[in-house]
Amino acid sequence: MSPDDAAAQSAMDQTVHITTHRRPAVRRAVTDDLPELVRLRASLFENLGGDYFNPPSGDGGWRHHLVAVMTEQLASDAARILVLDGGRGLAACGIGTVDQWFPGPHNPTGRVGHVIGVVTDVPYRRRGYSRAIMRALLDWFREREASRVDLYASPEGEPLYRDLGFVDHPDPALYWRP
């Protein structure tokens with residue numbers, strides 16, 4: 001095979017791979033997904049570690065509150081909970097919200113999106129699931145006319161978010177806890 005024939009065959013092989021590769025099927029979460037959503041959210045906090053995400057006084061009661069809030073938010077226009085199915089249960093999930101702030105020159109609609117958390121179960125990592133969920137969330141934020149989208153990235157997730165166009169925020173972030 002000549003070098004030109006080999007290059008043509010390689011290009012054809014890549015085209016076939018690209019056209020036959022299917023994106024994971026992202027869908028909106030439903031009430032039946034709640035136990036799995038709680039499981040994935042809990043695994044997110046376990047992996048982040050530290051006293052902030054796993055306070056010594058934490059008793060797990062937050063899971064009950066999470067179910068109540070997620071049940072309410074499943075029907076909300078201001079929240080989107082997306083999932084990918086795995087073999088048994090959910091492989092990944094992601095949550096986005098849009099808040100109505102006051103418009104200004106830096107935020108003409110006053111709408112600010114927030115990525116609340118994207119988590120992929122360990123056996124399903126490195127398959128593009130988080131990327132698929134993020135792309136679907138970003139489409140939803142565009143539909144909702146969010147002027148910007150904020151998120152907090154773990155060290156493992158930061159390269160994905162930067163690849164999707166996220167940059168350092170110009171404002172310093174502070175928080176207060178009563």
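Two strands count as paired if DSSP finds at least two bridges between them; strands (E, at least two residues) and helices (H or I, at least four) are DSSP runs numbered from the N terminus. The model is predicted, so local features need pLDDT of at least 70 and side-chain atom pairs pLDDT 80 or more, while totals for chains, interfaces and linings use all residues. Residues are numbered from 1 along each chain as its sequence is written, and side-chain values use heavy atoms, without hydrogens and water.

**View A. The open sheet has five strands in the order E1-E2-E3-E4-E5.** Its pairing is mixed. Strand E1 (27-28) and strand E5 (148-151) are at the edges; each has a single partner strand, so one side of each lacks a neighbour in the sheet.

**View B. E2 and E3 pair in the antiparallel sense.** Seven bridges join E2 and E3. Ile81 stands opposite Ile95 in E3.

**View C. Asn107 lies in the loop between E3 and strand E4 (111-120).** Leaving out residues up to four places away in sequence, Asn107 touches Val112 and Ser147 (heavy atoms within 4.5 Å).
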